[in-house]
Amino acid sequence: MKIALAYSGGLDTSVILKWLRETYTCPVVTFAADIGQEEELDGLPAKAKATGASKHYTLDLVDEFASDFIYPMMRANTLYENQYYLGTSIARPLIAKAHIEVARREKCTHLAHGATGKGNDQCRFELTFAALAPDLGIIAPWRDAKFRAEFPGRTEMIDYCRNHKINVEASAKKPYSMDRNLLHISYEAGILEDPWFDPTTPENKGMFKLSVSPEDAPNKAEYVELDFERGDCVSVNSKRLSPAGVLRALNVLGGKHGIGRVDLVENRFVGMKSRGVYETPGGAILLHAHRQAESLTLDRDLEHLRDSLIPKYGELVYYGFWFAPEREALQALIDKSQETVTATVRLKLYKGNIITVGRKSPVSLYDANIASMEGVKSSYNPDDATGFIRLQGLRLRARHAAQTGPKAKKTK
């Protein structure tokens, strides 16, 4: 038996690594996906080995995360329940895919993860395992009754780390969990489980890492221009960047102006409601600008069809079905819709607000002559509207006659 553990070095996976070694007395290979956690990855190999890992991998997946996961999702203008930018959700299938690759390389028999038994991540990881490596065993300590009995809460886990000299950031003074990547930071659990708790007060706002509060943002607005090609942002302020570079640049801009904070109660896949607080500065700007680029370049009915699919696409990402055939089929339609989405969008950032102040495109569907109210000649003839409206109202007139005419009165 040999175990590959997805390892972040945080409270949960630090405890789990030590627990796996003590429980199964077999080699445990740890793996961390670098998807933009920045300084959180510092010293991880040494920490993993000191905690019991036989070997450690840290894989640089930032570019793949941005280009193959975040950008396809952004093309769909995806939000879950109209609020959540899916920063955690979209990272999990990539992490799980890389987890499998490490396990294959090390000839591991089992995959282990630190997702809780009440959360969404257990589904996201294991549905990816099912799609890509159904032959490997799965160890989920949070679904093990003995593990839960030993660690009923965060206090016991913090004490365990202290007793085993495992250094973790979590403490009684910071009783919440945090998950960071290139797209966002999420905060949940602990003190945040009370949906009335306000994390933005002066005594609590130190929790936030990517953004200042809107009250503390600059008093002067800042302009930014984003260029899109075939639905993807390719440059910021005329500087051409990779997808990861775009997100890094927008994270700095958005964070400076207090943009992208979301505090919500969401419906988890497993059935319960959960409170989460999120920072997604760059993603919020990117999605807003993408929608504006589409407003000029996307056919009306195609846009409406794509928009009708956003809730389903968002659910598939949130639930963990990234590698499912229905998500891949939806992606093909979405990517086809983006072939003409080439435009420049100008935004103004100010104290938590993203304000659109301009958009232009070489393939714009906007015709100033047709839209003008100033009597400019164009291919649009207002006289044609008479017949158009009359035909559109035919069923309404028929319904009114049926419900109020002589025959209708006799039936009442």
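A residue is called buried when its relative accessible area is under 20%, exposed when that area is over 50%, and partly exposed in between, with a 1.4 Å probe and protein chains only. The model is predicted: local features need pLDDT of at least 70, side-chain atom pairs count only at pLDDT 80 or more, and totals for chains, interfaces and linings use all residues. Residues are numbered from 1 along each chain as its sequence is written, and side-chain values use heavy atoms, with hydrogens and water left out.

Helices are DSSP runs (H or I, at least four residues), numbered from the N terminus. Helix α4 covers residues 92–105 and reaches 20 Å from its first C-alpha to its last. Because 10 of its 14 residues are buried, α4 is largely enclosed by the rest of the structure; among these buried residues are Arg92, Leu94, His99 and Val102. Lys107, with a positive phi near 55°, follows α4.

A nonpolar core is a set of buried Ala, Val, Leu, Ile, Met, Phe, Trp, Tyr and Cys residues joined through side-chain atoms within 4.5 Å. The largest has 75 residues, of which Phe65, Leu226 and Leu286 touch the most other members. Helix α3 (residues 62–75) supplies the largest share of this core, eight residues. Apart from it lies another core of 27 residues, including Trp142 and Phe151.

A disulfide requires two cysteine sulfur atoms within 2.5 Å, and the count by this rule is zero. The sulfur of Cys108 lies 8.8 Å from that of Cys26, its closest cysteine sulfur, which is too far for a bond.

Key:
Helices (H or I, at least four residues) and strands (E, at least two) are DSSP runs, numbered from the N terminus. The expected span of a helix is 1.5 Å times one less than its number of residues.
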